[in-house]
Amino acid sequence: MKEIMAVIRPEKYFELRYRLSQSGFNSMSAKEACGRGSAAVMMTGYAAGIGNETYDDRNHPMIAKKLIELYVRDADLDSVIKIINAVSCSGHHGDGKIFVIQVDKVQRIRTGEENDEAIM
């Protein structure tokens, strides 16, 4: 079993959530996050009354991101990563990263189910 942590652009979150859900991956957590990589990123944002603005983030050390966490069976890992990449990749700096972490054991508190049964 694996934990997938995906740091993505916030504007990609709803589409990613929809695509994962349509593929049977309904259980996930999402958090607001701030961060940056090593490269400067050109971002376009919308502010009420101002419209779309493009800015160079070299003057903004932290950029808004979404952190998605989900747990999958080993057999599902590649298909979930493929979905995340298909939705989140714009080909520009700042698209995010995917981290995969080995999970040794999971237990559903209510039923006592363990491992794959606990996450399905």
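Start by selecting Arg9, which counts as buried because its relative accessibility is 7% (buried means under 20% relative accessible area, exposed over 50%, partly exposed in between, with a 1.4 Å probe and protein chains only). A quick note before moving on: this is a predicted model, where local features need pLDDT of at least 70, side-chain atom pairs count only at pLDDT 80 or more, and totals for chains, interfaces and linings use all residues. Residues are numbered from 1 along each chain as its sequence is written, and side-chain values use heavy atoms, leaving out hydrogens and water.

Arg9 sits in the loop between strand 1 and helix 1 (helices are DSSP runs of H or I, at least four residues; strands are runs of E, at least two; both are numbered from the N terminus).

Next, pick residues 2-8 and 63-72. These are strand 1 and strand 5, an antiparallel pair with seven bridges (pairing takes at least two bridges found by DSSP). Look for Lys2, which stands opposite Val72 in strand 5.

Now show the whole open sheet: four strands, in the order 2-5-1-6, with antiparallel pairing. Strand 2 (29-35) and strand 6 (96-102) are at the edges with a single partner strand each, so one side of each has no neighbour in the sheet.
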